[in-house]
Each structure stands twice: as structure tokens, then as C-alpha cells.
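Student: Could you help me learn to read how parts of a protein model pack together? I would like to start with helices and then move on to domains.

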Amino acid sequence: MASQLRGNDLRQLGFPEGRAIGLALAQLQRKHLKKLSQTDQLTLLQELLANPQTYLTHLDWSHTAAALLPPPSRHIALAERKEYVVFGAEHIEQGAIHQMETAMKLPVTVAGALMPDAHHGYGLPIGGVLATDNAVIPYAVGVDIGCRMALSVFALPPKHLEQRVQELRKLLLEHTKFGGRDVFRHGQHLDHAVLSRDEFRDIPFLRNKLDTAASQIGSSGGGNHFVEWGVVDITDPTNELGVPVGQYLGLLSHSGSRGLGASVANHYTKLAQDTCQLPAEARHLAWLGLETEAGQEYWAAMNLAGDYASACHHQIHHRLAKALGERPLGKVENHHNFAWKERLVTGQEVVVHRKGATPAGAGVLGIIPGSMTAPGFIVRGRGEASALSSASHGAGRQMSRTRAKQELGEAEMRRYLQQHGVELIGGGLDEAPQAYKDIRQVMQSQTELVDVLGSFTPRIVRMEGGV
């Protein structure tokens, strides 16, 4: 075993005073690096010091390399707006257009597209897709990192919904939890490998987040998140699910990464805004370079939050399938509020942010929901380059939450649901079906982006509250 190097040894190599020395010494204490001779350790550190850029994505040395580089300039001006494509422009409010125009002026922006369900959000509009050069924008990902849709198709006929409605309602009440306080009690939790991930220990910010993540796993958020039974209608015989054409009982869920994703988004947004000071109209689009320590941390934390969101859905569907006594014939899962490293048709590698937009690469399956009284659609992506291989993530709002509460009444919403044969457990006026755009018009605006394989029509919907 090599004798331990000290701070003065690194200073003699030329390491500057500051965090880089402490980070390097801490890394050398890792088991596989402690085995190196002192000469080999010094040689490694010399190479790191001489070429920190080449170590920015190294599993062991990315943080140290980032600490060796000079900090980026904080004051950044916007550039000339780049062109982008809008799908279904006639359905999109001006506020969302303005936000997209601003995003297309960022110096790091390479390309963009706006989906037909787009509406105003923070930073990037919901329904916005933005490709950047080696930079990730926390608010272009969104607060609910990795929010997703998950559908299970069961070999039971639609009449099962009518004949056993009380039983299915009871299953939702017993096996789903919503919001911050209504979580599974001790002894009811299901374990999952995501809770053992190294990121909870290796990323300082995440070290006190594991307990909350463990307590909330398998539950759903509030707002527009739901778990619902409905009718699946498979219409394309060539569907990749392998499910024959016909109608089936389906289970659809919509939720994200709970408190974990929100805390990651808020923490790294503040870091981004501190190091990347943009004009006021663009301040929520502050980015983190992937060559920086903070950028690498956010990328790892974002992926963890996305995997955690997926784990929550898997547990929801596992609990309900087990209670139902059935195994799914097929499943579809897709997510939004995320960033992916992808290549454009030009060959350039970019970071593609999809904030409220469904990945729709060639052959990629997804589900695009409508509202409580309108069908969602099972789709296959067509890989349309102008849309950055994306599609809408739903119908999109035509009323803000505030406006929906002001203009709609509880009795009116309940009558509307009854007319469409939908039972709602929980929910509020802000999620009334009338607050959403016409999903059929949205789908008509993106026929070149996706092919429709089937649909899902809600019948029994569970949301936060109502218990």
C-alpha cells in the first residue's frame, strides 16, 4: 500500500489552493486507488493537473477536474434567436410562444421545437423541447423530474369495469397514496434497488434525502397526478405490445419523482442562477455546464430522480395487479421533464430537454393522455427530426389552475363527469376536464410525429384527496 500523500505533496505538483486539493486527497482514499504506489498516484495527479478537461466525465476524477478549471463568467448576454418549429400553433397561447422565443436566444441553444399542448410554465414552456450544447438547464427539465405515464393492459373485458366497479374503486383506495402526507406506513413499503443507489451517499446534497425518498416510494404526487382504471382499445394489429386488436381493462398512472425531484430541481436551479446570470426575462433558463462539478452532480441526481419516479410507478402497478389477481398482457411507460444526450441528424451530440414532451424517436412507444373525460392515445414515435423526436405529453391546459377555480363550479364538474360515465375520487376544480384542450385537435396537429396504436378511456379516476 502506498504511503499517504498530503496536501503539500499536491501543492508541490502545482495544485492551486482550494477545493481541488481536498477532493483529490479524498479520492485517493478509495480502495482501488489506495492500492496504487505513491509514484503512480503522483503520475495520475500530474496528468489530471495538466489536462483537467479530459477528466470531466471520469467516474473518479470529474469533481476534482472541475475544481481545477476556472469558474465560468457569470454575466451572460442573449444571442440572436435561432429558428424552431411549432406544431399546432393555433392552439398555443402567446405566453408560451414568448418563453420559447427567449429559450432560442440562449448562447448554448442549438435547436428547439414546441409541441401542440404547449402552455406557459417556468423557464421553458411546458411542451417545449430544447437542444443545448454541453449544458443542462434545471428549469428546462422541470421541478417534477422524470414525471411519467405508465399503462398496464389486462386480459379482462371492458364489462369488468361495470360489473365490479365497487371492487375496482376499493382497490384504488387501498393500494394508492397521494400527496405529501398520505404515504404507506412502516411495514407497508416495498423495497426497491433505487434506494440503494450510490448517489444517495456520493452526492453531498442527496445524503439527507434518502429517508424521505424511502417513505414516499410507491406513492403519487398531487396536482394533475392520478391512477385510474379504464378501457384500452388496441386498434393496430402490428403494435409492439403484442396485444391482439380488441378492448381490455387498463390501468394508467401519472406521477413523478415526488419530494426527491423537487428538492434536486430547486437546489441546482439556485446554483445555476448564481453562476449563470442571465437577463431578467431568461433568468429561469440558467444552465450548468456538463464540464462543471455542479453540472455533473445535477446530471447524476436527475437520472436518480428519474429512476426513482419509474420505481414508484412499478410499485403502483405491482400492488394493483397483485390485488386484481392478474398479470398484464402488455405495458407502456414513457417520461417527460427530463434531459437526454442525443445526436442530431447532423451528427452533433446535444442535450435534449423535454419539459412536458414525450420522447418520440422512431419506434419508441408512449402514451399521451387526454383528460378525465377524453381518451389518451397509445403511440409509436416516428423520429421526426424537426420535432427533435418528440411529441406532446398530453392535451395541455387551456385554463390556468386559478382561472379554472374561478370560472368552474364543483356541481358543474360533477355533472360533466357523470355525463361521460367517469367516477372521480379526490381531485379539484383546477383539474376539471374543461380546463384542458381538446386532445383530438392536439393529436391532429402531430400526425407526422407519432402513429396511433390504440387508446385508453378513463372510467374510475383517483387523485389527491377525497378520502
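This is a predicted model: local features need pLDDT of at least 70, side-chain atom pairs count only at pLDDT 80 or more; totals for chains, interfaces and linings use all residues.

Student: How are α9 and α13 placed relative to each other, and at what angle do they pack?

Tutor: Look at the angle, then the spacing of the axes. Helix α9 covers residues 165-175 and helix α13 covers residues 293-324; they pack at about 140°, and their axes lie 10 Å apart. Roughly antiparallel needs an angle over 145, so α9 and α13 count as oblique to each other. As for handedness, α9 passes α13 in a right-handed crossing.

Student: What about α12 and α13, at what angle do they pack?

Tutor: Helix α12, residues 258-275, packs with α13 at an angle of about 165°, with 9 Å between the axes. That angle makes α12 roughly antiparallel to α13. Here the crossing is left-handed.

Student: Which residues make the contact of α12 with α13?

Tutor: From α12 come R258, L260, G261, V264, Y268 and L271. Their partners in α13 are A294, E297, Y298, A301, A305, Y308 and C312. By class, the contact divides into 10 nonpolar, 1 polar and 2 charged residues.

Student: Now for the domains: where do they lie in the chain?

Tutor: The domain assignment gives domain 1 as 7-68 and domain 2 as 114-463. Taken over C-alpha atoms, their centres are separated by 41 Å. Their contact takes 7 residues from domain 1 and 5 residues from domain 2.

Student: How much area do domain 1 and domain 2 bury between them?

Tutor: About 560 Å², with 52% of it on carbon and sulfur atoms. Within domain 1, L56, H63 and A66 lose the most area to domain 2, together 67% of what that side buries.

Notes:
Residues are numbered from 1 along each chain as its sequence is written. Side-chain values use heavy atoms; hydrogens and water are left out. Axes are lines fitted to C-alpha atoms, for helices over the stretch in contact, and angles run from 0 to 180 degrees between N-to-C directions. Helices (H or I, at least four residues) and strands (E, at least two) are DSSP runs, numbered from the N terminus. Angles under 35 degrees count as roughly parallel, over 145 as roughly antiparallel, 65 to 115 as roughly perpendicular and the rest as oblique. A crossing is left-handed if the near helix is turned anticlockwise from the far one by less than a right angle, and right-handed if clockwise. Domain bounds come from an automatic or database domain assignment. Contact means heavy atoms within 4.5 Å. Buried area is the accessible area (1.4 Å probe) that two parts lose on being put together, summed over both. Ala, Val, Leu, Ile, Met, Phe, Trp, Tyr, Cys and Pro count as nonpolar, Asp, Glu, Lys and Arg as charged, and the others, Gly among them, as polar.
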